[in-house]
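Visitor: I would like a quick tour of this protein. Please show it to me, and I will ask as we go.

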Amino acid sequence: KWFEWDFGFLEVSTWLLPWECSGSKLKVPELSINGIQHVVQAGQTLNLTCRGEMVHSWSLPETLSKDSERLKVIKYACGRNGKQSCSSLTLSRTQASDTGNYSCKYPTSPAKKKKESTVYVFINDTSNPFVEMHSDIPKIINMAVGREMIIPCRVTAPDLAVTLKKIPRETLIPDGKTIIWDSTQGFRIPKATYKFIGLLSCETTVGGHTYSTKYLTHRETNTIFDVQLSTPRLVKLLKGDSLAINCTVTAAWNTRVQMTWTYPGETRKRGSVMQRIDQKNSEANIFYSILVVDRVRDIDKGQYTCHVKSGPSIKAVNTTVIVYDKMFINLKRRRKTALEAVAGRKSYRLSMKVKAFPSPEVIWLKDGLPAAEKCARYIIRDYSLVIKDVAEEDAGNYTIILSIQQWNLSKNLTVSLTVNVKPQIYEKAVSSFPDPNLHLLGSKQVLTCTVYGIPPPKITWMWYPCKQNHSKTRHGFCFYTEGSFILKAGSNVGNRIQSITERTAVIEGKNKTASTLVVAEAKSSGIYSCVASNKVGKSERNVSFIVSDVPNGFHISLEKMPIEGENLVLSCSANKFLYKDIAWILPRTVNNQTKAKKSHNREYSITLTLTIKNVSLADSGTYACRARNIYTGKEVLQMKDVTIRAQEAPALLRQLTDQTVNASNSAMLECQVRGIPEPQISWFKNHEEIQQEPGESFMYSPTSYSRLFIYPSESESHATASQVACCNNRKTLGAVYCCLWNVTSKMN
């Protein structure tokens, strides 16, 4: 940069210069020294003359002050007829610092090209070979990687040999490409790299003495890490309060920033700004700009913005200031509707509309007691009360109290919170996987569903008819075939519903409702479902309802305990909704005699009948029936111990005696025997078997305990001996004859 002066016109005597004879017009001013460089010894006088077609001005090195007593410039008319303008520059007692460009130029405008003539003047001073000396404190030179950088170690003589070094030891040799030496500029580096970052030194030797001037390259960056204000986004103040906002900028080490403020009172200069830098941080520079406004007024409310700029990087942060005339508290409900929460929710926030200044003290009460002290799940955040893990006991009255004690100002508001509870079925909680329920065919059954919820749930009974399903899936004893049916008292879908009733009672401090469904007569298998629902949700309990004509769903029956030689008949019955794969397991002693198995598939059960013909004593043992439970997938066994009885000949258990009866009375004769198989008794009179025919006066039963009745009308004719004969059923093992009874009739 060179200083320019347009010196005043000074009248001098007209004198001719050698080039005054030229008649051509000068497009640019002409200097009296030919060439682009000129050398003057230090202490001598520098004389320069400039001629032009119009008034012109001089530009001087920035180190030479226009007010220097050593400098004189005289302007005068010159040329033929004085139509040209000339000026002479005289600089006495020249110094090394006067080295630089001296230019004479015409006035210019943005539309015209610059027209000037320049000569670079060296003021040769052997004791000061460098124009500027920086021996102790190096001069800072900003650099950008990839751009031109100049190390301005200009010299006072054009022929001095200068060496560029990077401290501590490296010498940087000019090669005409990466480093170029120019005595009027210094070392020019067209494209600077990281190699040139550091402390550089320009050195030259004059008269055996070495001179050095130092430069510190600085790679400037524009990295702004963060901009923050010390105040919140909204600042509330009372009239007369002071406002102080601190804008803090965190930037990279080599970054310099410009910080400015815009605010409502800026034009009136309401605020004062202080700035400072903190370089104690080893990783970044911290810049501070503090705006202070004393005794705020209405005109100070509005937005305050801190602007930060570093090269192309621009950032801004702001805050809004509100100025109040007096303190106040405004408190309103946020919602007009009733406050409701749901039990089990992770959190619920009780919040009110609050507008107050300054910020009041906040207290929350639940049912008249401090909420935060009553339960650790209650947390006060600003003006809200947060309830963690909402539970049923959180229902109640909540009061918020706002107070500014120093001004004796307070307000409160009470709201009611209802905690809704999803329906709960207590029978369902007893067992998550209840076993299927068996109900005997034709029996009356009662199903109960006890429900609790807030608000009170609505209870609906559903019926899902089902058919047999052999799926291995748990709960897979049946599948739905006809959809679902809503049940009411008197419904005949599936099973006739005798009644559906509800009753409410306080149990364990809670209003619980018990719904009872009465099945008049069990006929159809399926699932009864109790569905409880309210505004929160619903809960469902499924009750398997399996009708069975088999006791306990799985049973073995024995027709009779057989005697050797008879047939053994065993029946295994299983409910077909619960069991499958029915099979008999026989004792090892059973031989290969004729066995027969027959399956009967009935409406409710399956029966597998086992018949073993002509059994022997060896067929005694434990007979087992095996089936697979469809519900659990496990095999179950039913066992029956069978003892084959040996045959035994009839034997008289009691001896008989004669009887004498009156002719008008009846007579009864008893015969008691034992034997296997059970003996059959026949009665004889006078060696002839008595036949029981209608109208006869004899009657008896042929079992092992037999009585012979003789009626009065015939007593007289029967006053003779009677005999009884006993024999076994089927195969006769023998006979026993009892003593003769002499039945004698007596006449009264």
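Guide: Here it is, and please keep in mind that this is a predicted model. We can begin with a pair of cysteines: Cys572 is buried, and Cys625 is buried as well.

Visitor: How far apart are the sulfur atoms of Cys572 and Cys625?
Guide: A disulfide is a pair of cysteine sulfur atoms within 2.5 Å. Cys572 and Cys625 are joined by such a link. Their S to S distance is 1.9 Å.

Visitor: Is the disulfide of Cys572 and Cys625 left-handed or right-handed?
Guide: Look at the torsion about the S-S bond. For Cys572 and Cys625 it is about -85 degrees, so the disulfide is left-handed.

Visitor: How many disulfides are there by this rule?
Guide: The rule is the sulfur cut-off, within 2.5 Å. Applied here, it gives a count of 6 disulfides.

Visitor: What pattern do the disulfides of the protein chain follow?
Guide: Count the bonded cysteines along the chain. Then write down which number is bonded to which. The pattern reads 1-4, 2-3, 5-6, 7-8, 9-10, 11-12.

Visitor: How many residues apart are Cys50 and Cys104?
Guide: A disulfide joins Cys50 to Cys104, S to S 1.8 Å. Cys50 lies in strand 4 (residues 46-52), and Cys104 lies in strand 8 (residues 100-105). The pair links distant parts of the chain, 54 residues apart.

Visitor: Is Cys50 buried or exposed?
Guide: Buried means under 20% relative accessible area. The relative accessible area of Cys50 is 0%, so Cys50 is buried.

Visitor: What about Cys104: buried or exposed?
Guide: Use the cut-off again: under 20% is buried. Cys104 has 0% relative accessibility, so Cys104 counts as buried.

Visitor: What is the angle about the S-S bond of Cys50 and Cys104?
Guide: The link of Cys50 and Cys104 is left-handed. Its angle about the S-S bond is -75 degrees.

Visitor: Which strands are linked by Cys449 and Cys530?
Guide: Cys449 and Cys530 form a disulfide, with sulfur atoms 2.0 Å apart. Both Cys449 and Cys530 are buried. The two positions are 81 residues apart. The strands are strand 37 (residues 445-454) for Cys449 and strand 43 (residues 526-533) for Cys530.

Visitor: Now the rings. How many aromatic pairs does a search of the whole structure find?
Guide: A pair of aromatic rings is described by the distance of the centres and the angle of the planes. To pair, ring centres must lie within 6.5 Å. The search finds 9 aromatic pairs.

Visitor: Is the pair of Trp181 and Phe187 stacked, tilted or edge-to-face?
Guide: Planes under 30 degrees apart count as stacked, over 60 as edge-to-face and the rest as tilted. The centres of Trp181 and Phe187 are 4.7 Å apart. Their planes meet at 50 degrees, so the pair is tilted.

Visitor: Is Trp181 buried, partly exposed or exposed?
Guide: Buried is under 20%, and exposed is over 50%. Trp181 has a relative accessible area of 26%, so Trp181 is partly exposed.

Visitor: Is Phe187 buried or exposed?
Guide: The cut-off for buried is under 20%. Phe187 has 0% relative accessibility, so Phe187 counts as buried.

Visitor: Which residues form a cluster through ring pairs?
Guide: Here ring pairs link up into a cluster. Its residues are Tyr324, Phe328 and Phe357.

Visitor: Which residue is the bridge partner of Ile380 in strand 33?
Guide: Strand 32 (residues 378-381) and strand 33 (residues 384-388) run antiparallel, joined by 4 bridges. Their hairpin has 2 residues between the strands, and Asp382 takes a positive phi near 55 degrees there. In strand 33, the partner of Ile380 is Leu385.

Visitor: Which residues line the largest cavity?
Guide: The structure holds 1 cavity of 30 Å³ or more. The largest cavity has about 30 Å³ of space. By class, its lining has 4 nonpolar, no polar and 2 charged residues. They are Val131, Glu132, Pro152, Cys153, Arg154 and Tyr215.

Technical notes
Residues numbered from 1 in each chain as written. Predicted model: local features only at pLDDT ≥ 70, side-chain atom pairs only at ≥ 80, totals over all residues. Heavy atoms only, no water. Pairing = 2+ DSSP bridges. 1 Å grid on protein atoms, 1.4 Å probe; cavity = no way out; pocket = protein on both sides within 12 Å on 5 of 7 lines; lining within 4 Å. Points joined across faces, edges and corners; volume = space filled by probe spheres on them. Nonpolar A, V, L, I, M, F, W, Y, C, P; charged D, E, K, R; others polar. Buried < 20%, exposed > 50% of the residue type's maximum accessible area, 1.4 Å probe, protein only. Phe/Tyr/Trp six-rings, centres within 6.5 Å; stacked < 30°, edge-to-face > 60°.
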